[in-house]
Amino acid sequence: MKSESKSYKEAGVDITAGYESVKLMEKHINKTMNKSVISGLGGFGGLFELDMTNLKNPVLVSGTDGVGTKLKLAFIADKHDTIGIDCVAMCVNDIICAGAKPLFFLDYIACGKNFPSKIEQIVKGVSEGCVMSGAALIGGETAEMPGFYPEDEYDLAGYCTGVVDKEKILDKSLVKEKDVVIALPSSGVHSNGFSLVRKVFDIGKKSLDCKLPEFFGKSIVEELLTPTKIYVKPVLSLMEKVNIKSISHITGGGFYENIPRSIPDGLCAYINKSSVKTPVVFDLIQKTGKIDEHDMFNTFNMGVGMCIIVDQADADISLQILKENGQDAYYLGEIVKNDKDKIVLK
């Protein structure tokens, strides 16, 4: 008998739309599969066989996150094919800070109404993010929740598990004076600070009509929807050749909250603000919103999506390896002694 419920549909939940969504997303999910995945779509749980090759003492590292109010811009623009990249990025960029290689990912989509073509676009982005990071998309959930979410809105969250050999877990206690802080540029605002961004620009439909020369003819909404950069593969390549001491993912809280998390007590990241390569979008945010410079650096990534701390002797080769792996990088600052502050921007 065909699975169908007229009563449930009258209440606002169309289970047949759910089946259609799964069918549409399958081709995208299949792109993320690898030999470790031993389950397919439709099960109650995703099965992943851990490859223990070259792992003496494997430690699993997990992270979970969402996209936040950046989703509001996707609703306004009716563009849903990249927001999933943001979701993956926010998780995998976190676990790489422990030195972990992403293994698998799961997503959760809650919506007011299941529009299969829209769900497909969301999952397409998630799948692309998984391919970029080397993670398999082994499961997920789409929950249709009428009366809880407006029909044309949804929320998106993700969960990632990775693995690292215990002896290779990044240890910030190894950071010492004169170590170098390397910046990995961001692709823009990424997925943080959007409550402030939306307030500054009073974003609505009108924002779609205003093309800005600073963004090569794109609107501010189109620019802000640029997906979060995923740093996993170039950073893993660097780890194979250089002793990375510590990594910080510059997310909510900007420089002031995230860089100190990668530095032990008694030391400080000294950063010359003039060395920060800040994209024009941040200048526009600051000027339009009349935002204090400290608040900018304490809210946004300001053009730096990730910071890596290495020994001074490894700094030049680190930049070279990153660039050979398609990742631009530059010197951001150095580690100095300081018992009061863990970060100084001057």
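Modeller: A contact here means heavy atoms within 4.5 Å. The model is a predicted one, in which local features need pLDDT of at least 70 and side-chain atom pairs count only at pLDDT 80 or more, while totals for chains, interfaces and linings use all residues. Residues are numbered from 1 along each chain as its sequence is written, and side-chain values use heavy atoms, with hydrogens and water left out.

N93 counts as buried because its relative accessible area is 0%. Buried means under 20% relative accessible area, exposed means over 50%, and partly exposed lies in between (1.4 Å probe, protein chains only).

N93 belongs to helix α4, which covers residues 83-95. Helices (H or I, at least four residues) and strands (E, at least two) are DSSP runs, numbered from the N terminus. Of the 13 residues of α4, 12 are buried, so the helix is largely enclosed by the rest of the structure. Among these buried residues are I83, D86, C91 and N93 itself.

Two of them, I83 and D86, are touched by K70, which also reaches H190, S191, F194, L224, L225, T226, P227 and T228, again without counting residues up to four places away in sequence. K70 is placed in the loop between β1 and α3 (71-77). K70 is classed as buried because its relative accessibility is 0%.

The wider setting comes from a record. An unreviewed UniProt entry places the feature "domain: PurM-like N-terminal" at residues 59-164. UniProt positions are given in the numbering used here, feature names are shortened, and annotations may be inferred rather than shown by experiment. In the model, this span is 36% helix and 37% strand, and its end C-alpha atoms lie 5 Å apart.

Charged side chains form another theme. Side chains of opposite charge can pair when their charged atoms come close. A salt bridge is a side-chain nitrogen of Lys or Arg within 4 Å of a carboxyl oxygen of Asp or Glu. The whole structure holds 13 salt bridges. One of them joins the side chains of E120 and K27, at 2.8 Å from N to O. This pair links distant parts of the chain, with E120 in helix α5 (residues 116-133) and K27 in helix α2, 93 residues apart. E120 is buried because its relative accessible area is 12%, whereas K27, at 46% relative accessibility, counts as partly exposed.

A further salt bridge brings together the side chains of K56 and E167, at 3.9 Å from N to O. Here too the pair connects distant parts of the chain: K56 sits in the loop between α2 and β1, and E167 in the loop between β4 (154-165) and β5 (180-185), 111 residues apart. K56 is exposed at 68% relative accessibility, and E167 is exposed at 56%. The side chains of D81 and K79 also meet in a salt bridge, at 2.8 Å from N to O. K79 counts as partly exposed, since its relative accessibility is 34%. Elsewhere, salt bridges that share partners join K176, D179, K245 and D311 into one network.

Most residues other than glycine have a negative phi. K290 has a phi near 50 degrees, a positive value in a residue other than glycine. K290 is found in the loop between α10 (280-289) and α11 (293-297) and is exposed, with a relative accessible area of 75%. M302, which is not a glycine, has a positive phi of about 55 degrees. M302 lies in the loop between α11 and β10 (304-310) and is buried, with a relative accessible area of 4%.
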